[in-house]
Amino acid sequence: MPTVKKARPMTGSTRSKLITWGLIVGALSAWEVGVRVGNVPPYLLPAPSLILRTLIQNLSTYLQASLITFGEALLGLLIGTCVGVLIAILVTFWPGLEHGVMSLAILVKSTPLVAIAPLLTIWLGFGWQPKVIITALVTFFPVLVNVLVGLQTITPSLLDLFHAWQANRWELLWHLRLPHSLPYVFAALKVSTPLALIGAIVAEWTGASGGLGRLMWLAYTNLNLPHLFAAIFILATAGMLLYQVTTQAEKRLVFWYTSS
Amino acid sequence: MIRRSSLLLLVLFSILLIVACQPSAPPTTPTPPRTALTFMAGYKPQANLPFVGAYVAKEKGYFEAEGLDVTIEHSPGQGQHLQLLAAGKVQVTTQDAAVLLQRRADPGLPLVSIALIGQRGQQAFAALKESGMVTPKDWEGHLVGYKGTPPPDLFALLHAAGADVNKVNLVNVGFDPRLLVEGKVDVYPLFKSNEPFLLRSWGYEITLWDAADYGVPTLGLTYVTSESLLREQPDVLARFLRAALRGIDYAAQHPEEAVQIVLKYTGPETNPDHMRYMLETELKDAQSETTREHGWGWQTQAQWQALADMLHQYNVLPSTDITNAFTTRILEMAKSSQ
Amino acid sequence: MDVHLKDLTFLYPNHDQPVLQGLTLDIPSGQFVAIIGQSGCGKSTLLRLLAGLLHPTQGQITFNGAVSNGRSRIHTVAWMAQSPALLPWLTAYQNVALALRFARNGTPPLMSPEEALSRVGLGDYIHEYPQHLSGGMQQRVALARLLVQGASIWLMDEPFSALDELTRENLSNTLLDLWQWLKPTILWVTHHIYEVVRLADRILVLSPRPAQIAADIGVELPRPRDENHPRFATYVTQLRKSLFHANGQESASNDWFNT
């Protein structure tokens, strides 16, 4: 006699995952149908099936390019984050610097990437260095702003405690300010991770010997849209993955802070 | 829960790891010292004839035979190649003749053409055949596109065809021939060796107007160097040019093989037939009375003056002396030691 | 360790009125002193001065005859506030152990963090994080943290005010047990009159700014204190009167009828 299994109720997270995937598949299907029915030529808008085929047929090229771009983005992100944290620490120790530092930071942030990138290429060549620098420039600002808040907005009762312990500013930094600012670092990372990807791509447009951005530019100037979109698909997927990784890391490392 | 010090170590380790994994320069094997030279193609890898000359010369060992160790780079397309040449980071690059004259005038870049590969320019205009337009006079009352700033050859073309400039609507378009097929523009500015292939592959027939057919002087791509390098290392330049011209010659004899070589520099997004088309079109325009007499890349005062006069007439070039914009010296040196 | 205050005066910078003025006080070692007064009268300021969180504008603080400076306070004085001030990324054990990191001259801790947590009744919760502990339990951790420092003076600024009645009573009993075992000098700020009579040897009533000692009442009830003891109520009344008097009022009830 067959055993009857009790139906397991769907958990909230399973449901939301299903909805997400449902939406993605739905959008892609609508796209595919639209292109076929409307007889849209591939040089205007390629169908997802064509894009996927292109991606698979040139997998090694795309993988190589992705590695280069992601390497640049991640290294730039790491450096930008470290620089942001360091400057925030500096300003915390010497509050007089805050105004000057923030003005400079805003200046850098406001300068459009597309203006800086070619200059860096001329100074530093076509290797990975300019890409990493540009990515770092793009990502340090959200980190700086967030971490500054995190380092400084400590509840007075905690500060009193450490003050009563006669803690010096380094102990205060290590035991109190830095761990307190960790949630803020992750809030900044959620913003700066996609920025890092964009930074690396834009940097490659203005001078690269390899990478996904360069692939995109070459594909566009050949009006080879399937190739262009294949690169975009990879970028979108990478962006989603990175966001997931960041959120997971946040859950582990910042377990005490519930961000809504 | 991860300790903070471990987190710090992890971060430092990741930086080291990523830096270590970046591609580094390959180890050099001990060989007799060759002169290093960087050639930067003025645009992305494709079958423009000066690029092909360098690609073939490198592949076939012509550079090596001249004792040159040539690195081939490509400009991302925003004029960096000229800046890098002026800054001495690159020794030879390519440039369209008209732009070379303009950049010499403003901002005064010290550029010199050592060879005029494109004896005629590739700038042309196209409309869909179904539009029914036959001569540029038919452009009156239509939307005509231009890239960047309205080019002098456009006005010269209209003038030569007897069309009234004021009756033509001009609009700035970027690189996008799709504008033509979608009807957003009636006449589109293109390079003869490039966009027509794309348009035909999409199934469209086009009518092409070449400024040269209307007696308007145009010149094509050149090999460019800086005035200082010309002064200081003419022999190195001669060796480069000799090998590159040999490469062009080889490509003219073996176009199929040349396309295969080009494909090594482009990626999978490039169509080999497109490259073949580009090569053959440019090979045609690389030949003239002058080259039949003196060889690939020869250039004369008359050619350059005609171009300069036309540019001046349409106010894109001040009245300048173009004697130093080009030189046949390197061409002669390249020929002599053969 | 005994505490001696001489002419203690404190003004916040850019303020005209001093918070404390010319306060002179002697507290013998091991005494449980409660400081009571209207909100804002300067009780917390006094405690913060003793803890080294503020510096006197004038006057002197001496511990066991030695004028206190920054360094000497660490082993002498322990601070506990109304908010438990636990680091949320550390477990109860780690929070308590953190205090030991700041014991600078290498004196061995009075007891291990585990023992301190056991003594405050949290033996089963050593590896819990603060967000999994109730308010009362968090204050117990703060108390254990204070314990482990082995200080001879405990400065406590309304530590149980935010807790409910029952928890407050339990914690007060725990505190009394600890006090009777280790005999530190305790300075306890509160505005809970019953609590004060139940716990303290001596009650100081502070007047509003500039704060002066309006009343200094010794409580001579036997321990453990019983609310039903006849003199308990007397102390409460006396205390209440002193409080209102210190604030320039006769008793509240009198004011009602004096129209």
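# Strands in chain C, a helix in chain B

Reader: How do β3(C) and strand β8 (residues 185-190) of chain C pair?

Author: In the parallel sense, over five bridges. Strands pair when DSSP finds at least two bridges between them. This is a predicted model, where local features need pLDDT of at least 70, side-chain atom pairs need 80 or more, and totals for chains, interfaces and linings use all residues. Residues are numbered from 1 along each chain as its sequence is written, with chains lettered from A and ligands numbered from 1 in written order.

Reader: What stands opposite Ala34(C)?

Author: Trp188(C), in β8(C).

Reader: And how does β3(C) pair with strand β9 (residues 202-206) of chain C?

Author: In the parallel sense, over five bridges. There, Ile35(C) stands opposite Leu204(C).

Reader: How many residues of β3(C) are buried?

Author: Six of the six, across residues 32-37, so the strand is largely enclosed by the rest of the structure. (Buried: 20 or more other C-beta atoms within 10 Å of the residue's own; exposed: 12 or fewer; partly exposed: in between; C-beta atoms are placed from the backbone.)

Reader: Which ones point which way from β3(C)?

Author: Phe32(C), Ala34(C) and Ile36(C) point one way. Val33(C), Ile35(C) and Gly37(C) point the other way.

Reader: New topic. Which residues of helix α5 (residues 97-105) of chain B are buried?

Author: Ala97(B), Ala98(B), Leu100(B), Leu101(B) and Arg104(B). Seen down the axis of α5(B), they fall within an arc of 160°, so they line one face of the helix. (Helices are DSSP runs of H or I, at least four residues; strands are E, at least two; both are numbered from the N terminus. The arc uses directions from the helix axis to the C-beta atoms.)
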